[in-house]
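Hello,

Here is the structure I said I would pass on. My notes on it follow below.

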Amino acid sequence: MCNPDTERTNDMTRPPPPSFVRLLDMLNAIRQRSPFDTLNADEGLLLDALIVKWHERDDIMVSEVMSDARFGSQPTAYRRIIALRDKGLVCLRTDSKDKRVKFVEPTQLARNYMASISDGITALRQSPQTV
């Protein structure tokens, strides 16, 4: 409950925000950059999961993503992959040995997004008072 008798802290005397507040501010700023503001929550979740998978290994099969229950049914997961492709964040590469197998790969736009997250985290670590 708010106490109206409590004196408000002057912004000049307010301590720097804690790390989690600065992290949330930084992530919000990154998400608001075009074209990321056009992603819905499910597409953002998928892109984030793909970024983690790309860090672990290069070849991520479309069928592997489609079978992950976090992304809904297989047709829903595929629609989300296609939505990311249409927004220029992923591309689909056909396997050279088996034309039925497709891989999801990051585009330069997705790589730039990953770099901006990395740069933001580095800035957050180096400057305790700014985002």
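The largest nonpolar core holds 23 residues, and those touching the most other members are Leu47, Leu50, Trp54, Val65, Leu84 and Val104. A nonpolar core here is a set of buried Ala, Val, Leu, Ile, Met, Phe, Trp, Tyr and Cys residues joined through side-chain atoms within 4.5 Å. Two or more residues come from each of α1 (19-31), α2 (41-56), α3 (62-66), α4 (74-86) and α5 (108-126). The biggest share is that of α2, with six residues.

The model is predicted: local features need pLDDT of at least 70, side-chain atom pairs count only at pLDDT 80 or more, and totals for chains, interfaces and linings use all residues. Residues are numbered from 1 along each chain as its sequence is written, and side-chain values use heavy atoms, with hydrogens and water left out.

Overall, the protein has five helices and three strands, in the order α-α-β-α-α-β-β-α from the N terminus. Helices (H or I, at least four residues) and strands (E, at least two) are DSSP runs, numbered from the N terminus. Of its 131 residues, 31% count as buried (under 20% relative accessible area; exposed is over 50%, partly exposed in between; 1.4 Å probe, protein chains only). Among contacts (heavy atoms within 4.5 Å) with a separation of 6 or more, 51% are between residues 24 or more positions apart.

Beyond its neighbours within four places in sequence, Ala49 is in contact with Arg70 and Phe71. The C-alpha atoms of Ala49 and Arg70 are separated by 9.6 Å.

Regards
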